[in-house]
Amino acid sequence: MKNLLFIGDVVGDSGCKFLRSKLRNIKQDYKIDITVVNGENSAQGNGITPNSADNLINAGADIITTGNHVFRRKEVYPLLESADYIIRPANYPDGRAYGKGLCVLDMGCYSVAVVNLMGTAFMEPLDNPFTKIDELLNEINTANVFVDFHGEATSEKKAMGHYLTGKVTGVFGTHTHVQTADEAILGGHTAYITDVGMTGPENSCLGVDSKLVIDKFRFHMPVRFKEADSSCFLCGIVVSFDEKSGVAKSIERIIIR
Ligand SMILES: [Fe+2]
Ligand SMILES: [Fe+2]
């Protein structure tokens with residue numbers, strides 16, 4: 001039995017620092033074998049940079065997933081092309097998108113595949129994520145497959161969870177930054193949660209200073225978002241799985257303050 005830790009969207013410098021201060025203990029307490037962190041908001045002012053990706057890896061992440069903010073900072077493009085450990089949604093149309101949407105981690109006696117996908121409901125109309133995961137599953141040679149499904153609509157995320165039941169070890173939603181309480185093992189095989197939540201300033205709107213977000217909704221004028229100045233929390237899940245069959249045995253939500 002192996003344990004995978006998945007941590008929801010890390011926001012800004014304060015989120016990266018908080019992750020660094022907590023991750024070592026979480027890994028020890030839960031006997032974690034693999035750590036996956038969503039880093040699409042890890043740079044100051046949103047997106048991901050080589051520097052913020054470094055912060056996540058130095059904090060203890062093995063694989064970094066992303067989402068709709070992945071291409072916001074141009075300085076990360078070369079890293080997306082060269083580094084295996086950082087992935088972006090696989091269903092960006094072919095031709096222009098830097099990087100790739102699949103990472104396979106060789107753990108010695110077993111391997112783990114992590115796929116990043118993005119929803120298309122209330123988001124950019126990327127290629128169909130259901131079609132894309134079918135293509136990828138044909139290529140993947142391990143039973144241990146984990147999907148970060150970065151989406152807005154709970155219905156689309158639930159549908160993906162049920163679609164992949166029995167085909168992958170876990171489907172974890174990200175993007176809304178609010179942890180949902182619907183974690184489950186679907187079909188006795190697939191760990192699922194609609195949203196893992198976020199890591200960063202807790203007293204905020206999704207990590208951002210609430211005043212700025214309120215102004216945005218009130219006045220509809222452009223606003224430069226900045227991280228909230230509050231104490232941080234960390235949201236994640238721990239999944240125990242049988243690495244020979246790829247069957248998830250348990251999923252546990254964690255929130256650390
Ligand atoms: Fe995010
Ligand atoms: Fe997002």
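Six strands make up an open sheet, ordered 4-5-6-7-9-8, with mixed pairing. Strand 4 (102-106) and strand 8 stand at its edges. Each has a single partner strand, so one side of each has no neighbour in the sheet. From one strand to the next, the twist averages 25 degrees. Helices (H or I, at least four residues) and strands (E, at least two) are DSSP runs, numbered from the N terminus. Two strands pair if DSSP finds at least two bridges between them.

This is a predicted model: local features need pLDDT of at least 70, side-chain atom pairs count only at pLDDT 80 or more, and totals for chains, interfaces and linings use all residues. Residues are numbered from 1 along each chain as its sequence is written, while chains are lettered from A and ligands numbered from 1 in the order in which they are written.

## Strands 5 and 6, and two helices

Strand 5 (residues 111-118) runs parallel to strand 6, and six bridges pair them. Ala-113 stands opposite Val-145 of strand 6. Helix 4 (residues 129-139) packs on this sheet and touches strand 4, strand 5 and strand 6. Its direction makes about 160 degrees with that of strand 5. Helix 5 also packs on the sheet, touching strand 6, strand 7, strand 8 and strand 9. The direction of helix 5 makes about 170 degrees with that of strand 7.

Two conventions apply here. Residues are in contact if their C-beta atoms, placed from the backbone, lie within 7 Å. Axes are lines fitted to C-alpha atoms, for helices over the stretch in contact, and angles run from 0 to 180 degrees between N-to-C directions.

## Strand 7 and its partners

Strand 6 (residues 145-150) pairs with strand 7 in the parallel sense, over five bridges. Phe-146 stands opposite Gly-170 in strand 7. The chain goes from strand 6 through helix 5 (residues 154-163) to strand 7, a right-handed β-α-β crossover. Right-handed means that, with the strands pointing away from the viewer, the path from the first strand over the helix to the second runs clockwise. Strand 7 also runs parallel to strand 9 (residues 190-193), joined by three bridges. There, Val-171 has Tyr-192 as its bridge partner.

Five of the five residues of strand 7 are buried, so the strand is largely enclosed by the rest of the structure. A residue is buried if 20 or more other C-beta atoms lie within 10 Å of its own, exposed if 12 or fewer, and partly exposed in between; C-beta atoms are placed from the backbone. Both faces of strand 7 are covered. Gly-170, Phe-172 and Thr-174 are buried on one side, Val-171 and Gly-173 on the other.

His-175 is in the loop between strand 7 (170-174) and strand 8 (184-186). His-177 lies in the loop between strand 7 and strand 8. Most residues other than glycine have a negative phi. Phi of His-175, however, is positive, near 105 degrees. Phi of His-177 is positive too, near 65 degrees.

Are these residues buried or exposed? His-175 is buried, because 27 other C-beta atoms lie within 10 Å. His-177 is buried because it has 22 C-beta neighbours inside 10 Å.

## The whole chain

The protein chain has six helices and 12 strands. Of its 257 residues, 45% count as buried.
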